[in-house]
Amino acid sequence: MTLSRVLTVVSTNWLREQIGTNVQKEATRRLRILDTSFVMDRYADTYNEGYLKGHIPQSVHFDLFECTPEIPGIKVGFPDENCFTDYVQSLGVWPDTHVVAYDRYGPLSAYRTWWQFRVFGHRNVSVLDGGLKKWLDDGFEVSEEEPEYERSDFVAKLDKTLFRNYDEVLDILKSKKSQLVDARALSHPTIVDEESGGGYIAGSKHVSFPELFSEDGTIKPDSELKAIFDRAGVDLGHPIVATCFRGFTACGVAAAAQILGKENVPVYAGSWEEFNLKGYKEYKGIVPKKS
């Protein structure tokens, strides 16, 4: 197993060993488990309806909507740096804390959380491979207790190497200096439904996010991941920028590339949702309709 894989995803067995016999109230500084369970509704109560009904022992509820602005046409904006600092301090995440993110609904939000911590300077973060479902399938316990911990002194610092904005993507389209890799298959509804604003950034290559995972929700072995990138025509030896519909599944593509040794793949956080909103139709890819 490669070091890149170990750092990017951790197994349920590994996490259970880290928790040890301390499954109740006290959470150590060295490890912070985040329940990132998420639905695409800013006002959904995932704390009461998800987290409090049962979570991995010592885990803390993490809200991906926290610190994000409400922007017309954009479901989840990019977090404010100062607000994110305060929020992560309240979670007891110190500069030397190993963060492990998981979701109960699928891998989507855990990989976004993985990228978000990294883009704000905290590289010591992993995704729980298979999430809560794998944890339960493996017979491990859940808790309704909220852990106790101290507020930290974490300070967010934007790492621009992991982030691309709209203007930078426009520059890529003109210069061709990076490969744009869309985490949606060409058959995805947000691509084919042109009447609802569907489409993709012209010239993108497509690595479908769901294809990266096995039936049990764990990420596929390295050889299978490599084959997926190869079939999509992605050259891991050249620069890549990951995109998707709204900056979530792209984080999974960045993580998969990292597992394969292509470290620090940046994500276009606004992705197609922002790009389409800006109205640059000359760069819009359209899937031809079948006759």
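The model is predicted. Helix α10 (residues 249–259) is largely enclosed by the rest of the structure, because eleven of its eleven residues are buried. Strand β7 (residues 179–182) is covered on both faces. The structure holds 13 salt bridges.

**Helix α10**
- The buried residues of α10 include Thr249, Cys251, Val253, Gln258 and Ile259.

**Strand β7 and its partners**
- Gln179 and Val181 are buried on one side of β7, Leu180 and Asp182 on the other.
- In a regular strand, side chains alternate between the two faces of the sheet.
- β7 runs parallel to strand β10 (residues 240–243), joined by four bridges.
- β7 also pairs in the parallel sense with strand β9 (residues 205–206), over two bridges.
- Valine 181 has alanine 242 as its bridge partner in β10, and lysine 205 in β9.

**Salt bridges**
- Arginine 104 pairs with aspartate 35, with the closest N and O atoms 2.4 Å apart. Arginine 104 lies in the loop between β4 and α5, aspartate 35 in strand β2, 69 residues apart. Aspartate 35 is buried, at 0% relative accessible area.
- Aspartate 86 pairs with arginine 151 at 2.5 Å between the closest N and O atoms. Helix α4 holds aspartate 86, and the loop between α6 and β6 holds arginine 151. Aspartate 86 is partly exposed at 44%, and arginine 151 is partly exposed at 44%.
- Arginine 231 pairs with glutamate 211, the closest N and O atoms being 2.8 Å apart. They are 20 residues apart, in helix α9 and the loop between β9 and α9 respectively. Arginine 231 is exposed at 58%, whereas glutamate 211 is partly exposed at 31%.

Technical notes:
Residues are numbered from 1 along each chain as its sequence is written. This is a predicted model: local features need pLDDT of at least 70, side-chain atom pairs count only at pLDDT 80 or more; totals for chains, interfaces and linings use all residues. Side-chain values use heavy atoms; hydrogens and water are left out. Buried means under 20% relative accessible area, exposed over 50%, partly exposed in between (1.4 Å probe, protein chains only). Two strands pair if DSSP finds at least two bridges between them. A salt bridge is a side-chain nitrogen of Lys or Arg within 4 Å of a carboxyl oxygen of Asp or Glu.
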